[in-house]
Amino acid sequence: MDTCVDDVKAVKMSKEAKKRLRKQIKVSHTLLKHEGIPTASQPTKSLVVANGGLGNGVSRERLFAALKEMGELENLAMPPHKPYAFVTYRSEDVAQKAHARLNGLQLQCGENSVTLYLTYVNSVSCESEVGASLPAGLVLVEDFVSPEEEAVLLAAVDWSSMNVDVTAQKALKHRRVKHYGYEFRYDNNNVDKDKPLSAGIPEECVPILQRCMRDGHMGTMPDQLTVNQYQSGQGIPPHVDTHSAFEDTILSLSLGAKTVMEFRHPDGRVAAVVLPGRSLLVMAGESRFLWTHGITPRKFDTVPACNSQTPTLTSSDISNHSNLTLSKRGTRTSFTFRKIRRSPCRCAFPSACDSQGAPSAPTPPPPSLPRCHADAARLEELYVHRVYNTIASHFSSTRHSPWPRVCHFLSSLTPGSVLADVGCGNGKYLGINREVIAVGCDRSSALVQICTERGYQAFVSDALNVPLRTATCDACISIAVIHHFSTQERRLAAVRELVRLLKPGGQALIYVWALEQEYKQKKSKYLKDCSKEHSGSQQLTDSTLERSGVPGGTVSVHTNRTPFNSQDLLVPWHLKPDSKTKFSPESKPKSGADGGSNPASVFHRYYHVFQQGELEQLCDQVPGVKVQSSYHDQGNWCVILVKDRETCNEYAHTYYETGI
Ligand code: MN
Ligand code: ZN
């Protein structure tokens, strides 16, 4: 206390000193600019404290004590090795007080003394110091609790169902969960703020929480605890903790086995953070509000080897194989402490903030695999139809070169043949063979519009109900379409519909995306295109491949240009900002630009990637047709079907329920 009274006195100064201070503040602004820290001209809740950094020998405890004198803190972020820190106060008033009274403060830290300069910032960003990969506002404290404390905490959780009414224990599909203080509801991703549970936070946690407060990791005492227990192979889908439900800082204590938590920025950046047992993870600011966090269900993690400095993996680490090792997962128990929010969130990330009008799930959590037709139709509506309509122009501008073997099939058709391209996209196959009568259809009106502008015959139609008469086509093609259907039944119905359209003796060519992107020791173009960015040498093995396909199982988000680790996935599409405008034939994809810097520009498309043999098996279930040939072509499984000559009353058009 004494030192703090001195501290405040130190700010009362002569005119001469004030002049010097203004000059110094100006210098610190310039330095901050060099560090890439944008300062705010208007007061905000957050300040950058120049000279108050770990790099100046300022300890967290010392700085926290001085800052805390001004009022309640929401967060204190001290990037490693840097001469500055970031403080976020609970209100702008307190921040203004700190700005007025702490500027020029001489802080004594052991032997040396530093002068603090405070400047408002709009958001707390530590990006400049850690490279682009580590989420800003994220702090990991290793060995935060002792092995003894770990044992006490684990023993405090009673997993028996005896107290199920008290703490709302839930047997979630993927992990065991128990709530204290307030129940978190997974149906609406929120808490019943008016219905506290009778069991509050167990008293065993109190000393640990006090330590968190003392060290400045959290400004107020949490009032909600969620305990999750993950067995090896279990995980949690990526999500952002609902802004309106909880205050900024979230503390997560990892007990038991270590695991890897993945953080994803809406622009596609990913950081895999290794959470050792007995460590504390503090999520605040951008890492809490904007990045999603999740744990991929697997049995092994790739982690830095034990003597490595950093617990965080970046994609370049992975590609360089720098000092990595495999770690078998055991049982991990996490204690997540949060503070229930009582007033709307006013964070600096409105695009992700449900309090500020953003949809409650800014980066929607991956959907579950459908259990019924309605689910399936909804999934496809959200993750296929809407996405293609939105990305149509950009998508089309990247789909100019027809695949040679598809062209070969089209060129082999007899002049005068009637050809239907079901799921024709931008129509790139409709003009290949000028001697056939080609008609295309697609579910995306935006893509059909592009076909029409190019002078092709195309209409909007679902691939399950094509409004053409039965047995009217000499040939049908379905290129990269059937993998967008989310159940086996619907994929089968799509093949049946193609066969229905064929005349007896007619041929259908089907292409679907293959799980096996490396075939006969050759990588597909899809993998090769980015072989510099990723190791590309990951092999699909039973231990790394989590085959989903179970109704209700999750659809995982795929990392572009890497091997697939699941058959049901969401594949990100990074929309270029300038491509939202109408298609123009001269618009060519610009190289290098990813266009993904705006979070709103990443869209996820659902795919079911086929395993070797799966497409043939599917076609075998359709009566009246034979698989004439099948092959692997650039990461796709392909078949040519021939409809039987004698047939086929069973192909009278039966309306298939698509749920639209
Ligand atoms: Mn969470
Ligand atoms: Zn918010």
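So, the donor residues of the zinc ion, ligand 2, follow the spacing H-x101-C-x1-C-x5-C in sequence. Keep in mind that this is a predicted model. The residues behind that pattern are His243, through ND1, and Cys345, Cys347 and Cys353, each through SG, at 2.1 to 2.4 Å from the zinc. What geometry do the four donor atoms make around the zinc ion? The angles they subtend run from 100 to 124 degrees, so the arrangement is tetrahedral. For reference, the ideal angle for four tetrahedral donors is 109.5 degrees.

The manganese ion, ligand 1, is coordinated at 2.2 Å by His239 (NE2), Asp241 (OD) and His293 (NE2). The spacing there reads H-x1-D-x51-H. Is Asp241 buried or exposed? Asp241 has 6% relative accessibility, so it counts as buried, whereas His239 comes out at 22%, which is partly exposed.

On to salt bridges. Searching the whole structure turns up 16. One of them joins Glu247 to Arg90, with the closest N and O atoms 3.6 Å apart. That pair ties together distant parts of the chain, 157 residues apart: Glu247 sits in the loop between β13 and β14, and Arg90 in the loop between β3 and α4. Glu247 is buried at 10%, while Arg90 is partly exposed at 28%. Both belong to a salt-bridge network that also takes in Glu72 and Arg341.

Another pair is Glu149 and Arg211, closest N and O atoms 2.3 Å apart. Those two are 62 residues apart, with Glu149 in helix α6 and Arg211 in helix α8. Then there's Glu497 with Arg500, at 2.9 Å. They are three residues apart in helix α14, so about one helical turn separates them, and both are buried.

Last stop, a sheet. We have an open, three-stranded one in the order β30-β31-β32, with mixed pairing. β30 and β32 are at the edges with a single partner strand each, so one side of each has no neighbour in the sheet. β31, residues 568–574, pairs antiparallel with β32 over seven bridges, and Leu570 has Tyr606 in β32 as its bridge partner. Helix α11, residues 373–397, lies across β31 and β32, at about 125 degrees to β32.

That's me done, over to you.

Note on methods. Residues numbered from 1 in each chain as written. Chains lettered and ligands numbered in written order. Predicted model: local features only at pLDDT ≥ 70, side-chain atom pairs only at ≥ 80, totals over all residues. Heavy atoms only, no water. Donors = N, O, S within 2.8 Å, 3.2 Å for Na, K, Ca; no water. Tetrahedral: all angles 85-135°; square planar, octahedral: opposite > 155°, others 65-115°. Buried < 20%, exposed > 50% of the residue type's maximum accessible area, 1.4 Å probe, protein only. Pairing = 2+ DSSP bridges. Helix = DSSP H or I, 4+ residues; strand = E, 2+ residues; numbered from the N terminus. Contact = heavy atoms within 4.5 Å. Axes fitted to C-alpha atoms, helices over the stretch in contact; angles between N-to-C directions. Salt bridge = Lys/Arg side-chain N within 4 Å of Asp/Glu carboxyl O.
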